[in-house]
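Visitor: I have a model open and want to learn how to read it. Where do we begin?

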Amino acid sequence: MSRPPTLPPYPGARPAPSGRGSAGWWVLGAALVVVIAVGGVVVFCAGLWTYANHDRPELIDNPPVSEVAESACATMRATVAAKAVPPDAPADARARSIREQNAAVTAMVARVRDLDRDLLAGDHPVNAWLGDWETLVEARERYAADLAAGRRPRFVVPTADGEPLTDRMNSVGLTCEVPPQLIDLL
């Protein structure tokens, strides 16, 4: 059998590579793929570590803060329940009850605020959460003052961004919901 005639190369064409040196490119390419893969794993793990250990801005999630807040809240809730009076109690008894309950909330806020400032600053929502409790106490105090003065006050839960403040207060990740006795004023 005879071979077909070969055509002359195109003008300016380079000869086909002989195969020498191509193994070096494969090794370099494989090393590059390994470096990129390892780098990707390192970046992924670093991101996962950062996410798992960051302060979620919507939650009070630093244990030294959350433990004190939940303990103080449990004490406050018990006091609020103990100081409640029936809705048909005389106005002066209702005003006194509101003020005693407010004192329990104020004591809870003070107990949490007594923590180290840097500790509180590191748990982003805690200061806003405490401010919300203070705002609720102020609104309740106005109601108690009107009640004690013989007026017929109407209590409205303060709002934040058009939503009841209590929604935000109850959604910080603590076992500390606003007791109904603090908002169900007649």
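Guide: With a definition. A salt bridge is a side-chain nitrogen of Lys or Arg within 4 Å of a carboxyl oxygen of Asp or Glu. Keep in mind that this is a predicted model.

Visitor: How many salt bridges does the structure hold?

Guide: The general idea comes first. Side chains of opposite charge can pair when their charged atoms come close. This structure holds four salt bridges. One of them joins the side chains of E141 and R99, at 2.9 Å from N to O.

Visitor: Which helices do E141 and R99 lie in?

Guide: E141 is in helix α5 and R99 in helix α3, so the pair ties together parts 42 residues apart in sequence.

Visitor: Now pockets. What is the volume of the largest pocket?

Guide: Rolling a probe the size of a water molecule over the atoms shows where empty space is left. Here, the largest pocket has a volume of about 210 Å³. Its lining counts 14 residues, with V85, P87, Q181, D184 and L185 nearest the centre. Two elements, α3 (91-113) and α5 (125-148), each give two or more residues to that lining. Helix α3 gives the most, with four residues.

Visitor: How do the lining residues of the largest pocket divide into nonpolar, polar and charged?

Guide: Nine are nonpolar, three polar and two charged.

Visitor: How many aromatic pairs does the structure hold?

Guide: Two. To read a pair, check the angle between the ring planes: over 60 degrees counts as edge-to-face. The rings of W129 and W133 have centres 5.9 Å apart and planes at 85°, so this pair is edge-to-face. Both W129 and W133 lie in helix α5, four residues apart, about one turn of the helix.

Visitor: And the surface: which residues form a nonpolar patch there?

Guide: V34, V38 and V42, with about 260 Å² of accessible area together. V34 belongs to helix α1, residues 22-52.

Methods. Residues numbered from 1 in each chain as written. Predicted model: local features only at pLDDT ≥ 70, side-chain atom pairs only at ≥ 80, totals over all residues. Heavy atoms only, no water. Patch = residues over 30% accessible without salt bridge, like charges linked within 9 Å, V, L, I, M, F, W, Y side chains within 5 Å. Areas by Shrake-Rupley, 256 points an atom, 1.4 Å probe, with all protein chains shown as cover. 1 Å grid on protein atoms, 1.4 Å probe; cavity = no way out; pocket = protein on both sides within 12 Å on 5 of 7 lines; lining within 4 Å. Points joined across faces, edges and corners; volume = space filled by probe spheres on them. Nonpolar A, V, L, I, M, F, W, Y, C, P; charged D, E, K, R; others polar. Phe/Tyr/Trp six-rings, centres within 6.5 Å; stacked < 30°, edge-to-face > 60°.
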